[in-house]
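Please open the structure in the viewer and keep the selection tool at hand.

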Amino acid sequence: MTAATLETPYLDTAPEDLSLALGLPDQEALLTTEVPVDGATVRLRLLGASHQVFVGPVRETVACLGKGVGEGLPAVLAREVDGWSYRFASHTRRYSAAEFAAVVRELRETLADRDDALFGVFPGAPDAVTALSVGRAAPDAVPDGGGAGPRVAWRTWHTYPRSFQIVETRTVAVSR
């Protein structure tokens with residue numbers, strides 16, 4: 001896992017401030033890594049309390065983007081992106097303080113020994129994390145089976161320790 005304690009201070013935001021945008025250029029990244037998956041190079045980019053993932057023509061950004069940029073954070077979205085099938089899903093869960101700390105600890109332990117993950121912790125806020133992991137998408141991840149090209153799936157977690165909420169996203173991108 002590529003992990004780091006970030007130099008950027010944690011800012012109190014909320015899950016409802018997140019938006020999804022496709023096609024944005026590189027944003028200033030605090031931590032990046034590239035992971036080969038099924039013949040494609042996947043770029044994982046941690047942007048403070050947000051992320052970008054790039055594979056082929058797919059450029060996903062989940063961040064506090066402000067009005068007029070992005071489309072909010074949809075529960076489900078499916079699109080075609082330049083010959084790739086793209087499917088995104090998100091959900092937010094609220095926990096008790098003890099449950100929240102346990103889930104964050106388990107997330108760290110689960111991703112700790114993986115070369116296909118990126119994990120950032122904010123200084124002074126050990127439970128304020130943004131984490132990403134990537135791998136090959138399952139054959140049934142796309143209803144019609146997709147094409148013969150790369151099949152990539154990634155998950156992300158954005159934690160909010162003041163409200164004990166975690167936003168998890170799941171994405172599948174399959175080349176046609």
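How many bridges join E2 to strand E6? Select residues 58-63 for strand E6, and then E2: four bridges join the two, which run antiparallel. Strands (E, at least two residues) are DSSP runs numbered from the N terminus, and two strands pair if DSSP finds at least two bridges between them. Within this pairing, leucine 22 has glutamate 60 of E6 as its bridge partner.

This is a predicted model, in which local features need pLDDT of at least 70, side-chain atom pairs count only at pLDDT 80 or more, and totals for chains, interfaces and linings use all residues. Residues are numbered from 1 along each chain as its sequence is written, and side-chain values use heavy atoms, leaving out hydrogens and water.

Next, display the open sheet of five strands, whose order is E2-E6-E5-E4-E3 with antiparallel pairing. Its edge strands are E2 (19-22) and E3, each of which pairs on one side only.

Now select aspartate 38, in the loop between strand E3 (31-37) and strand E4 (40-46). Aspartate 38 has a positive phi of about 50° although it is not a glycine. Most residues other than glycine have a negative phi.

Move on to aspartate 82, in the loop between strand E7 (76-81) and strand E8 (84-94). Here too phi is positive, at about 45°.

Finally, select serine 133 in strand E10 (residues 125-136). Its contacts (heavy atoms within 4.5 Å) include Leu111, Asp116 and Trp154, not counting residues up to four places away in sequence.
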